[in-house]
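Me: I'd like to learn how to read a ligand site in a model. Could you take me through one?

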Amino acid sequence: MKRIIITGALGQIGTELTDKLMDLYGVDNVLPTDVHKNTDNKLIADKIEILDVRDFERMDELVSEFQPDTILHMAALLSATCEKDPLLAWDINMNGLVNALEVARIHNLKFFTPSSIGSFGDSTPKKNTPQTTIQRPNTMYGVNKVSGELLCDYYYEKFGVDTRGVRFPGLISHIKEPGGGTTDYAVDIFFEAIKTGSYTCFLEEDTYLDMMYIDDAVDAIIQLMETDPSNLSIRNAFNITAISASPKLFYSEIKKHIPDFKVEYDVDPVRQKIADTWPESIDSSEAKKQWGFEPKYDLEKITKTMLDALKVKLK
Ligand code: AKB
């Protein structure tokens with residue numbers, strides 16, 4: 001990658017990804033885009049262009065002007081939001097993706113888009129979920145993610161677009177709070193631990209899902225995009241994960257730092273139902289083998305990093 005356009009640059013992953021890319025590749029070689037311009041990040045604020053990913057003409061115009069060699073298509077609605085408005089989800093997640101794949105085809109760009117553990121469903125093996133397995137999700141988000149993976153394979157095989165992707169687990173960050181995801185509790189719990197010393201969790205205490213710290217997620221995207229294409233046999237999305245964790249596990253880890261921390265449960269049936277169809281732990285051995293994926297943050301390190309950073313941020 002030398003010159004990169006990003007969609008959804010102010011989203012949960014986009015914000016930290018854009019920052020790191022500007023650092024590595026130079027501010028002038030990164031073009032952040034999003035549907036709004038509200039950010040405290042000065043470098044991103046100076047460069048950001050408005051782009052609704054459903055608007056193909058505008059996307060094409062920005063790419064023609066900026067002349068990137070890579071598009072990182074991050075704009076998407078998350079799982080719980082998709083369930084609230086499934087047709088809007090289809091419009092943004094699918095039409096946005098097709099537009100991004102089309103500009104990649106027309107302008108010969110390398111292409112990345114994230115899939116998710118949400119691309120799996122009830123009939124998928126729940127433990128150590130293989131790279132290639134049954135994917136029959138029953139959520140709109142899952143339907144979008146599986147269709148997206150298939151489209152990436154199609155564009156690679158039919159048009160030779162250099163498509164790459166990962167299936168992200170829940171991501172944990174203190175910079176940007178997520179919105180509308182099923183795994184959001186794993187971020188909220190840290191914010192509330194520092195703000196109020198207690199947290200009411202919307203998933204049951206023993207719901208195990210894969211999680212990862214945002215720095216590992218950003219590094220994974222860059223590492224995958226910098227890998228020689230001949231090393232990659234998977235063009236839809238690689239399973240990646242750092243830890244498999246439950247609300248109870250986060251609670252006991254946080255308690256080691258804040259002994260009075262309290263957690264209660266008020267389960268949201270919509271998000272619990274989504275979580276119950278997702279794997280408890282996925283197998284990321286193909287990502288390790290093909291492009292050296294190796295997360296650096298385990299539960300202990302994630303907890304300490306989050307609490308230390310939020311103590312400063314929220315004081
Ligand atoms: C969500 O919860 O929707 C996302 C995801 C796992 O894709 N964080």
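Me: Why does the ligand lie between domain 1 and domain 2?

Reply: Domain bounds here come from an automatic or database domain assignment. Domain 1 (4–169 + 213–239) and domain 2 (171–211 + 242–280 + 296–313) both give residues to the shell around the ligand, so the ligand lies between them. This is a predicted model, where local features need pLDDT of at least 70 and side-chain atom pairs count only at pLDDT 80 or more, while totals for chains, interfaces and linings use all residues. Residues are numbered from 1 along each chain as its sequence is written, and side-chain values use heavy atoms, with hydrogens and water left out.

Me: How many residues of domain 1 and domain 2 are in contact?

Reply: Contact means heavy atoms within 4.5 Å. Here, 30 residues of domain 1 are in contact with 27 residues of domain 2. The C-alpha centres of the two domains lie 24 Å apart.

Me: Which residues are around the ligand?

Reply: A residue counts if one of its heavy atoms lies within 4 Å of the molecule. Among them are Leu-78, Ile-117, Tyr-141, Pro-169 and Trp-278.

Me: Which polar side-chain atoms lie by an oxygen atom of the ligand?

Reply: A polar contact is a pair of N or O atoms within 3.5 Å. Ser-79 has a polar side-chain atom 2.5 Å from a ligand oxygen, and for Ser-116 the distance to a ligand oxygen is 2.7 Å. On the nitrogen side, an N or O atom in the side chain of Thr-183 is 2.9 Å from a nitrogen atom of the ligand.

Key
Polar contact = N/O pair within 3.5 Å; in protein donor to acceptor, adjacent residues only side chain to side chain.
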